[in-house]
Amino acid sequence: GFGVNHDPHLLYILYAVQILLIEDAIDAVDVGKIVEYVSSLQDKETGAFKEDEWGEIDIQFSYSAYSS
């Protein structure tokens with residue numbers, strides 16, 4: 001995740017990417033690492049996305065992954 005002492009979460013990633021795009025500052029982050037993290041949350045059997053390492057699956061997380 002992007003915060004110190006905070007669990008990484010897919011929604012936080014989406015919000016961070018949106019802010020960086022609005023501010024024209026996406027070059028400030030390693031986009032490859034974002035893709036790697038988001039990809040790691042995808043269930044390889046179903047294609048659905050988890051919100052974080054704890055594994056809740058919901059359609060909003062798939063939307064967040066595709067939007068990121």
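In helix H3 (59-67), Phe61, Ser62, Ser64 and Ala65 are buried (under 20% relative accessible area with a 1.4 Å probe, protein chains only; exposed means over 50%). They lie on the same side of H3 because they cover an arc of only 160° around the axis, taken from the directions from the helix axis to the C-beta atoms. The model is predicted: local features need pLDDT of at least 70 and side-chain atom pairs pLDDT 80 or more, while totals for chains, interfaces and linings use all residues. Residues are numbered from 1 along each chain, and side-chain values use heavy atoms, without hydrogens and water.

**Helix H3**
- Exposed residues Ile59, Tyr63 and Tyr66 sit on the face of H3 turned away from its buried side.
- Helix H1 (10-22) and H2 are among what covers the buried residues of H3; helices are DSSP runs of H or I, at least four residues, numbered from the N terminus.

**Nonpolar core**
- The largest nonpolar core has eleven residues, including Phe61 and Ala65; such a core is a set of buried Ala, Val, Leu, Ile, Met, Phe, Trp, Tyr and Cys residues joined through side-chain atoms within 4.5 Å.
- H1, H2 and H3 each give two or more residues to this core, and H1 gives the most, with four.

**Glu51**
- Glu51 is in the loop between helix H2 (31-40) and helix H3.
- Glu51 is buried without a salt bridge, and the nearest side chain of opposite charge, Lys50, is 10 Å away; a salt bridge needs a side-chain nitrogen of Lys or Arg within 4 Å of a carboxyl oxygen of Asp or Glu.

Conventions
Lys and Arg count as positive and Asp and Glu as negative; His and the chain ends are not counted. Contact means heavy atoms within 4.5 Å.
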